[in-house]
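Visitor: I have a model open on my screen and would enjoy a guided look at it. Could you walk me through a few of its features?

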Amino acid sequence: MVYPRVASFKSHEDFIAHLRTQGLDLPCDKVVETGDSSTLGQSIPIEGSSIGNRFCILPMEGWDGTTDGKPTELTVRRWRNFGISGAKLIWGGEAAAVRHDGRANPNQLIVNDANASEIEGLRKELVHAHHEKFGRTDDLLVGLQLTHSGRWARPNDKSKLEPRTAQRNRLLDKRQGIRDDSAMLTDNELSVLVDDFVRAARIAESCGFEFVDVKHCHGYLGHELLSGVDRPGKYGGSFENRTRFLRDIVAGIRAEAPTLGLGVRVSIFDYVPYVSGADNIGQPDDGDPRLTFGGDGSGQGINLDEPMELMRLMEQLGIKLVCTTAGSPYYNPHIQRPAYFPPSDGYGAPEDPLVGVDRQIQATAQLKRAFPNLIFVGSGYTYLQEWLPGVGQAVVKAGMVDSIGLGRMVLSYPELPADVIAGTTMPRKKVCRTFSDCTTAPRKGMVSGCYPLDPYYKARPEREMLKQLKA
Ligand SMILES: Cc1cc2nc3c(=O)[nH]c(=O)nc-3n(C[C@H](O)[C@H](O)[C@H](O)COP(=O)(O)O)c2cc1C
Ligand code: SF4
């Protein structure tokens, strides 16, 4: 199935007409407001302070830290770009492991005492770049995303998975060569890990971060625990047990770093893993639909009852910031980062990627309507391309979300938030067309970046290697 490319819609009317033919009632404003009257330029009040506008930079790692978990020049460049974007909320910068065995790749940052001054330096570079361009940072909120990669850990070798899982999963265990319970973290090991998260949060606070994200998305450990219905013991089974890890970490951080802000990035729904089928189009594989947090039991549908319960828990825990996302880049990327061109380990789009964009926006809106006091950041907007500002403005105006999270788009076009608010026309050559090279490159052992559009990455030798690999 071939879907029309977003760049082929020549007018607002064409774009809306296409959405409606897909049965999508996604709103999109025709005129994007600018300057003082910009909806996307309005601040968000938060605990006596404010976040200066409605754009958020989503966490994106570059597989480019040192092997001992410190940032490199490439990492610093990306964070500087986040700073000059104009977005006033920086959701975590990138996933940073709370300890070595939880790294998703041997170049992921590690939050430990030995790396604290470099990680502090990274934050300062971002804040400094922001200040240089915009003249103020009192309305900028910067957090650090804390992670343990669980089932998807590759701490020592890019090509070697060293999974630490929450529970058995027939299909994923098979794909990952797990044959017995030995990869499963015990309850005692999880208790130790809680302390590691708390220690990392303390270090993040000492580095000047205003909040930490206790990551619960994308199939990594926190997220897998949420669907741990088969796990025995105190961290599995009931909803109360499946959220114990989060509650224990939050309690620990409150005790040790009482003034540090807290956020949670969560996959609010999940599907079973997909596989490349006929004509390379993605189709559901033989996964267990019970192991999909926010799933409806079919493996390809949504039931937000448990995510709603999780939001209620967030409120009880006093967590204000929630960043919504979906699924996992490893087993169902089309629901997480809708794309026209799949990454090398992916599959052809099984639906118009706009359907995937709409799915995340509508699910987030349901949560926002039920929990108006939580601050919601949405994800998956990049595929909207030229229509991103119009849709972003419309959904913020409609109260469907508080902040528009930007992932891939800021790799190709970092200045988008500032340009949109200033009314500067988007330069077409910078607009991310979802070529997926920023996902393919790390899958092939290279650093991530926007090879097709960012002149800096265009000039790197990896670009030629990528071209050859793709050919
Ligand atoms: C290169 C790359 C790295 C990413 N790294 C992270 C990460 O470290 N933590 C995380 O929560 N999400 C990560 N993501 C997911 C993005 O934050 C975002 O959810 C996704 O790209 C969809 O948003 P978009 O449509 O704006 O790109 C990454 C995505 C990409 C493309
Ligand atoms: S490589 Fe560039 S154009 Fe392709 S998806 Fe990533 S950011 Fe977008």
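Guide: Gladly! In this predicted model, helix H13 (408-412) and helix H15 (437-443) each supply at least two residues of the shell around ligand 2.

Visitor: Which helix gives the largest share of the shell around ligand 2?

Guide: Helices H13 and H15 each give at least two residues to that shell. The largest share is three residues, and the helix behind it is H13.

Visitor: Which class, nonpolar, polar or charged, has which count in the shell around ligand 2?

Guide: The shell holds 14 residues, and Cys432, Phe435, Asp437, Cys438 and Cys450 come nearest to the ligand. Sorted by class, three are charged, three are polar and eight are nonpolar.

Visitor: Now to strand E7 (residues 141-147): why is it largely enclosed by the rest of the structure?

Guide: Leu141, Gly143, Gln145 and Thr147 point one way from E7, while Val142, Leu144 and Leu146 point the other way. Residues on both sides are buried. E7 is therefore largely enclosed because its buried residues number seven of seven.

Visitor: Which residue of strand E8 (residues 211-214) stands opposite Gln145?

Guide: E7 pairs in the parallel sense with E8 over four bridges.

Notes:
Residues numbered from 1 in each chain as written. Chains lettered and ligands numbered in written order. Predicted model: local features only at pLDDT ≥ 70, side-chain atom pairs only at ≥ 80, totals over all residues. Buried ≥ 20, exposed ≤ 12 C-beta atoms within 10 Å, placed from the backbone. Pairing = 2+ DSSP bridges. Near = placed C-beta within 6 Å. Nonpolar A, V, L, I, M, F, W, Y, C, P; charged D, E, K, R; others polar.
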